[in-house]
Amino acid sequence: MKVLLQFPEGLKQYALKYAKELEARGDEVFVSASPTFGACDLAIDEAKKLGAEKIVHFGHNEFHHVDFNVEYVPYQIDADINTLKSIFEEIKQYKKIGLVTTVQHMHQLPELKRMLEEQGKEVILGKPYGFAKLQGQILGCDIGSAATINKQVDCFLYFGGGLFHPLGAVYSTTKPFIALDPFQNKWLWLDSYRMMQEKQKRGKIMRSIYAKKFGILVTKKNGQYNLNLAKVLKSQLEKNGNDAAILIGDTFDFDSLNNMLEFDAFVNTACPRLATDDVDRLRKPLLSANEAMELMQIRSVSA
Ligand code: SF4
């Protein structure tokens, strides 16, 4: 069988090892070298071009149904759960803990829960929601497992590497939020990021207040493609006396966007994290769809 392997950035280092394993089984194997950050971004075009019958996508579980044969290999990672002990003192005043993690550590949730319960905690796992399919799982863009239990918990605990995933959840919750990185054996309270995000949002809207020409970003990635939203935004912006164009791409190259000097501001319809995490890579403001609507509302009130 012709197979295309796809790895997120952190797992690309193992590409040759898996390619050799599949070749030894008799498959003809190709490896996608394109960037990918989630199962929202399957290399379907590349697979079709190669005539591959299947994509083996590592590092994520299914995001949504696609009309192509995809095998998901979520790639479990056994992080050191004993690092949990380092935060017992930090969370001692909280009784009900909302525990969240990524798909890589879902298999470790029962043991983490048991350790917390031994400390007298009540552990609450949010229900699967939207694109995240498992209890307690969060994605960078799907934090339902945290948001749905916000009222029930005294604090949140994220277990996993880096801040990309927990920051999405922090912005959508109101309770104290601690992130434990078992790979670095470090923890951090993330609550101050809520205020920083609010400030960033206000700043972007204010910088766009006199913008007249808007570029609306639409990606062709399977799970991020939202042309309908882009069309609604274009029509709303134009009704409000602006010029707007829909800009189609794949993984957006910020240098290319910066070359589009006519635009005063950009509006994102692709991965929602672009409008929070990548704003510094553009010279012009990069608004989310909601921020663009808010901008028009502010202008109509002050007109
Ligand atoms: S955060 Fe962005 S890259 Fe990650 S799964 Fe969601 S849309 Fe995809």
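Which residues have the most contacts inside the largest nonpolar core? The views below come from a predicted model.

**View 1. The largest nonpolar core holds 21 residues.** Those with the most contacts inside this core are L84, I87, I91, L99, L112, L116 and L157. Two or more residues each are supplied by β5 (96-101), α3 (109-118), β7 (155-159) and β8 (177-181). Helix α3 gives the largest share, 4 residues.

**View 2. Surroundings of L116, one of the residues with the most contacts inside the largest core.** Leaving aside residues up to four places away in sequence, L116 touches L84, F88, I91, L99, K121, V123 and L157. Another core, of 17 residues, lies apart from the largest one; I205, F214, V267 and A292 are among its members.

**View 3. An open sheet of 4 strands with parallel pairing.** The strand order is β11-β10-β12-β13. Strands β11 (243-249) and β13 (286-288) are at the edges and have a single partner strand each, so one side of each lacks a neighbour in the sheet. From one strand to the next, the twist averages 30°.

**View 4. The pairing of β12 with β13.** Strand β12 (residues 265-268) runs parallel to β13 and is joined to β13 by 3 bridges. F266 has L286 in β13 as its bridge partner.

Key. Residues are numbered from 1 along each chain as its sequence is written. This is a predicted model: local features need pLDDT of at least 70, side-chain atom pairs count only at pLDDT 80 or more; totals for chains, interfaces and linings use all residues. Side-chain values use heavy atoms; hydrogens and water are left out. A nonpolar core is a set of buried Ala, Val, Leu, Ile, Met, Phe, Trp, Tyr and Cys residues joined through side-chain atoms within 4.5 Å. Buried means under 20% relative accessible area, exposed over 50%, partly exposed in between (1.4 Å probe, protein chains only). Contact means heavy atoms within 4.5 Å. Two strands pair if DSSP finds at least two bridges between them. Axes are lines fitted to C-alpha atoms, for helices over the stretch in contact, and angles run from 0 to 180 degrees between N-to-C directions.
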